[in-house]
Amino acid sequence: MEIDNRHIDVWNNCLRIIEQIIEGRKFETWFKPIRPVSLVGATLTVEVPSDFFREYLEDAFLDVIKMTLKRVIGSDARLVYQVRPVKVEPAMVFPAVHGNPPVNKSIPISTYQPGTSPGPFVYPGLKRVNINPRLNPVYCFANLIEGECNKMGITVGENISLSPGNTPFNPLFIFGGPGLGKTHLAQAIGISIHEKYPDLVVLYVSGNEFKTQYMEAINVRNKLTDFLAFYMKIDVLIIDDIQDLQGQGSQAAFFNVFNHLHQRGKQLIFTSDRAPVELRNFEERLLSRFKWGLPVELTRPDYATRLAMLRARSFREGVRISDEVLEFLATRIKTNFRELEGALISLIAHATLTHRDSTVELAERITQNIVGDEQGELTIEKVQDAVCEYFNITRDTLQSPSRKRQIVQARQIAMYLCRNYISSCSLSTIGAEIGGKDHATVLHACNTVSDLIATDRTVKQYVTDLEKMIAPIA
């Protein structure tokens, strides 16, 4: 029986062309490790060492690869990557150019005559439009690590995906600090709904994009109507970073969209860096609607969740990293998933490019650039620096005997944060370093701030923002 080696011949022809364009070390590092697997029609499947390797290839050499494949195979050439498995698990397969994202059905839109320029989505004269849901296939539930920090959100999200718009969780309001997985969870719900109900139109958009699209629409005749008509056709609307939706006009447009979709049982999902009650510069009628459904907070991941995420991601990248190194990263970086994932990818990149093993020493050097020295040591001085930066005042002003309301409030908040986040400091020590106050003054300041947090939304927001600023140190 004759063995079909066409895929090998085709890839070797590609390598000869690529070597003429990309010479030396780059060619040896990024193209020599690739192995041809099969050629079916015009689709060439190649095996790469890791998912990181695949992503770098596409980021750095996509144009060269496309040109070469078309030259060797033809204009309909297609490339599929197969990531080399690290154990006995089956290889993971990724179509080229980062996977096949979900695709919505086209929907009818009543449009108006052409104006001076096209609207943000709808082009004049079209009766049906194709809507890109803008969902990243990587952000699925399968790639979302569950822990105490997000268990509630995942459970609610899975319930919503079974019956979108028909649960008590509409709207779903996901909030929490940066890097805690809000975008991932919101998109995972959208992806799951799209898989279960392909006829539903799903759209993911940021609050800032919605505002920009609105501003573009009001500057062109009849385009505001097209803009609203477009959004009112959506079945599942996901708006990320809703806190960026500032401006009376854009909020009024969003209010109309919200009411229209909610009254018709369409699913609404929002993410924010703060709870609905803490949003500033929002109309009260919008804030009340955000509270109709369910607010879900994502918190900082615990050690077990951080370690599980690192193990899952390293396997997804197709690399073998010792438990000792992963445990070091999980212990060293405590703030959020984004920094943890960034450290892991940086470690893999360094090890790949320098042909070295991933060791604790290398991990320590890499995390030094992320968390710095003594990450766990929060000092009174660092709290004062954060407060001064936030309120735009100097250290001397903070420590001065000034009785101006803003200065007094900043000083009291600094004392409150020191007492709550630096367990080794006594009230007397805190007072001595912040303006030379006695322990009774510090205790009064802490009690005052505690009372204001419960009654004054503005002060609560000040404290929340400052807690986020010192979180990477605490």
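**Confidence, helix packing and burial**

The model is predicted, and its protein chain averages a pLDDT of 82, with 86% of the residues scoring at least 70. Over residues 87-95 the pLDDT is below 50, and this stretch has 21 contacts in the model beyond near neighbours in sequence. Over residues 114-126 the pLDDT is likewise below 50, and there the model has 30 contacts beyond near neighbours in sequence.

Q: Why should some predicted coordinates not be read in detail?
A: Where pLDDT is low, the predicted coordinates should not be read in detail. Residues 87-95 are one stretch with a pLDDT below 50.

Q: Which residues of H6 and H8 meet, and of what class are they?
A: From H6, Phe210, Lys211 and Tyr214 meet Gly249, Ser250, Ala253 and Phe254 of H8. Sorted by class, this contact has four nonpolar, two polar and one charged residues.

Q: How do you know that Phe210 and Phe254 form an aromatic pair, and why is the pair called edge-to-face?
A: Ring centres must lie within 6.5 Å to pair, and planes over 60 degrees apart count as edge-to-face. The rings of Phe210 and Phe254 are 5.8 Å apart, centre to centre, with 85° between the planes, and the pair is accordingly edge-to-face. This pair links distant parts of the chain, since Phe210 lies in helix H6 and Phe254 in helix H8, 44 residues apart. Both residues are buried. By the pairing rule the count comes to 19 aromatic pairs, and ring pairs link Phe210 and Phe254 into a cluster whose members include Phe173, Tyr214, Phe258 and Trp292.

Q: Why is Leu326 called buried?
A: Buried means under 20% relative accessible area, and Leu326, with a relative accessible area of 2%, is therefore buried. Leu326 lies in helix H11 (residues 323-332).

Q: With which residues is Leu326 in contact, leaving aside its neighbours within four places in sequence?
A: With those neighbours left aside, Leu326 is in contact with Leu307, Leu310, Arg311, Ser314, Ile321 and Leu344. Leu326 and Leu344 are 18 residues apart in sequence, and their C-alpha atoms are 8.4 Å apart in space.

Terms used
Residues are numbered from 1 along each chain as its sequence is written. This is a predicted model: local features need pLDDT of at least 70, side-chain atom pairs count only at pLDDT 80 or more; totals for chains, interfaces and linings use all residues. Side-chain values use heavy atoms; hydrogens and water are left out. pLDDT is the predictor's confidence in each residue, from 0 to 100. Contact means heavy atoms within 4.5 Å. Helices (H or I, at least four residues) and strands (E, at least two) are DSSP runs, numbered from the N terminus. Ala, Val, Leu, Ile, Met, Phe, Trp, Tyr, Cys and Pro count as nonpolar, Asp, Glu, Lys and Arg as charged, and the others, Gly among them, as polar. Rings of Phe, Tyr and Trp (its six-membered ring) pair if their centres lie within 6.5 Å; planes under 30 degrees apart count as stacked, over 60 as edge-to-face and the rest as tilted. Buried means under 20% relative accessible area, exposed over 50%, partly exposed in between (1.4 Å probe, protein chains only).
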